[in-house]
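User: Hi! I'm new to reading protein structures, and I'd like to go through one with you, question by question.

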Amino acid sequence: MAEAIWARLSAHHRATAGRPIADLFAEDPGRAADFAAESEGLLLDYSKTAIDARALHLLAGLAEAAGVAGRREAMFAGAPINATEGRAVLHTALRNLDGSVHVNGVDVMDGVRATLARLEGFALDVRAGRLRAPGGPVSDVVAIGIGGSDLGPAMATAALAPYHDGPRLHFVSNVDGAHLADTLRPLDPRRTFVIVASKTFTTVETMTNAVSARDWLAAAVERPGEQFAAVSSALDRTRAFGLDPARVFGFEDWVGGRYSLWGPIGLPLMVAISPARFRAFLAGGAAMDAHFRAAPFTENLPLLLALVGIWHRQVAGHATRAVLPYDQRLARLPAYLQQLEMESNGKRVAIDGTDLLRPSGPVVWGEPGTNGQHAFMQLVHQGTEVVPCEFLLAARGHEPGLAHHHRLLAANCLAQSEALMRGRSLAEARALMAARGLAGAELERQARHRVFPGNRPSVTILYPQLTPFVLGQIIALYEHRVFVEGTILGLNSFDQWGVELGKELAGSLLPVLEGREHGRGRDGSTARLAARIRALGDAAADTEGAG
Ligand code: F6P
């Protein structure tokens, strides 16, 4: 059934590949409204893609054949849909606070609500100065984590900067000592608090940074352990690290790392913006969940965004997609989505262990506009590859005194999607050159450089303003999009075995770099590079020591 639909989709794509997207608007005056959907003020416009009524019908058939609706309900109900790890997938339970969800016969919501209450108590204590550091109220919080234990809170904390009224927040993720050193340098250890976030509490980058941060505190205060809190699902390990259980916030294994922002991993965000605003963020996610479960497919934002993704990657064959927030505070959104999408759907084996029959999810990349326009958009407009773009834009900013900036920003955002679709023909380019006084061969030569092929697809996500609620909607929208794409492809979007091999090899290379083992048995390149690092690293350290 599904294979027949894939075949029909390919045939339809081939048959319509040369048709200008702009013509679809001419043929159908209602296109802009028909190929758009809205949920509580969040608008998804996918009319500037080549998807037409037939493509949409076939794509919806794919979702049906893959059993998206049934698997969606299984996910919300706590069924163990993460089959390779035998776990439920219940990040949605962290934001749907009124319901009840059973895992192995136990209602997990009492625990969710109790943990949220503890988090709120802690956040309020820090923000009100009741939790004191040796030098006075906490002025700075350093959040240490990596991957899903960093990207979500770091992205969201930057996104909601207008709502910050707590202590200053800093995020350290990289094991490169430069990250920790540069972050700690301006801080006062007597006024600083550290939150270590690690689901497993074994991640080497996070644990190395946590130990070094503790050493930094220990050089200035008597009891550095009192300036630590931890977020983890490995409570035995947080205890072994010497952390006060009253300052440890646990979560269950049914919350995947890259889906964990909604619970204790979101603690730094809550400290920054207040528990009440954090609840508004949760409400935004819950609103998108309700929409995802109830809206018919032509109005269902996550489903439609996923179908657009499938059309561009698996049907049209575009290998990457660009995420372009015209919203400076969403600067970390592309990095966050890289983990969410590529760690979830960057797989070549289906959930049943067979080879995937078509490409995995795309490479996701991007930068905020308008900066990208002055960098990589050249390739997106005139390069040989088609890069489907996803624009995000607020109708209004948070700077009333700078409203003209926002209008310029919005004009640029709309202009990009318009230019990508419309392009500029050779005839138009020739007319342009003629108007500048060129003629003959020189006109021809110059005109060719000014041709834009156009017909390049994009979607636009438009929201009233980047509030906590709206951010919750946007993140949940992307989470469910990943789920739908993964389900259609037959993938398990909730494991990440592809990160393991590098971790193992790094572990076995450390003794080589420390000189405790030889690099014998490794490939020539790795052994030679390791030897060179040892020679230059040790030589430099000796010189510094002597100096
Ligand atoms: O390396 C990948 C990964 O396992 C991610 O999935 C996860 O978000 C990250 O590492 C951090 O893991 P932890 O929270 O256990 O430190």
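User: How many cavities of 30 Å³ or more does the structure hold?

Analyst: First, a heads-up: this is a predicted model, where local features need pLDDT of at least 70, side-chain atom pairs count only at pLDDT 80 or more, and totals for chains, interfaces and linings use all residues. Residues are numbered from 1 along each chain as its sequence is written, and side-chain values use heavy atoms, with hydrogens and water left out. On a 1 Å grid over the protein atoms alone, a cavity is a set of points where a 1.4 Å probe fits but cannot get out. Counting those of 30 Å³ or more, the structure holds five.

User: Which element gives the most to the lining of the largest cavity?

Analyst: The largest cavity holds about 50 Å³ of space (a volume is the space filled by probe spheres set on the grid points, which are joined across faces, edges and corners). Lining residues have an atom within 4 Å of a point, and here they include Val 308, His 312, Arg 321 and Glu 390. At least two residues each come from helix 13 (301-315), strand 14 and strand 15 (458-463); helices (H or I, at least four residues) and strands (E, at least two) are DSSP runs, numbered from the N terminus. The top contributor, with three residues, is helix 13.

User: How do the residues of that lining divide by class, for the largest cavity?

Analyst: Ala, Val, Leu, Ile, Met, Phe, Trp, Tyr, Cys and Pro count as nonpolar, Asp, Glu, Lys and Arg as charged, and the others, Gly among them, as polar. Sorted that way, the lining of the largest cavity has four nonpolar, three polar and two charged residues.

User: Now the open spaces. Which domains does the largest pocket lie between?

Analyst: A pocket is an open set of grid points with protein on both sides within 12 Å along at least five of seven lines. The largest one has about 1,000 Å³ of space, and among its 42 lining residues, Thr 200, Thr 203, Val 499, Glu 500 and Lys 503 are closest to its centre. Domain bounds come from an automatic or database domain assignment. Two of the domains both give residues to this lining, so the pocket lies between domain 2 (99-277) and domain 3 (502-546).

User: Which helix gives the largest share of that pocket's lining?

Analyst: Two or more residues come from each of helix 9 (204-218), helix 14 (333-345) and helix 20 (500-513). By class, the lining of the largest pocket has 15 nonpolar, 18 polar and nine charged residues. The largest share is six residues, and they come from helix 20.

User: What about the second largest pocket: which helix gives the largest share of its lining?

Analyst: This pocket has about 490 Å³ of space. Its lining counts 21 residues, with Gly 397, Glu 399, His 405, His 406 and Leu 409 nearest its centre. Six of the lining residues, the largest share, come from helix 16 (residues 403-422).

User: How many aromatic pairs turn up in the whole structure, and why is Phe 278 with Phe 281 tilted?

Analyst: Rings of Phe, Tyr and Trp (its six-membered ring) pair if their centres lie within 6.5 Å; planes under 30 degrees apart count as stacked, over 60 as edge-to-face and the rest as tilted. The search finds eleven pairs. Phe 278 and Phe 281 have ring centres 5.8 Å apart and planes at 50 degrees, so that pair is tilted.

User: How far apart in sequence are the parts that Tyr 326 and Phe 391 tie together?

Analyst: Their ring centres are 5.9 Å apart with planes at 55 degrees, so this pair is tilted. Tyr 326 is buried at 2% relative accessibility, and Phe 391 is buried at 0% (buried means under 20% relative accessible area, exposed over 50%, partly exposed in between, with a 1.4 Å probe and protein chains only). Tyr 326 lies in strand 12 (residues 320-326) and Phe 391 in strand 14 (residues 389-394), so the pair ties together parts whose separation is 65 residues.

User: Last one: is Thr 157 buried or exposed?

Analyst: Thr 157 sits in helix 7 (residues 151-159). Thr 157 and Met 270 are 113 residues apart in sequence and 8.7 Å apart in space, C-alpha to C-alpha. With a relative accessible area of 4%, Thr 157 is buried.
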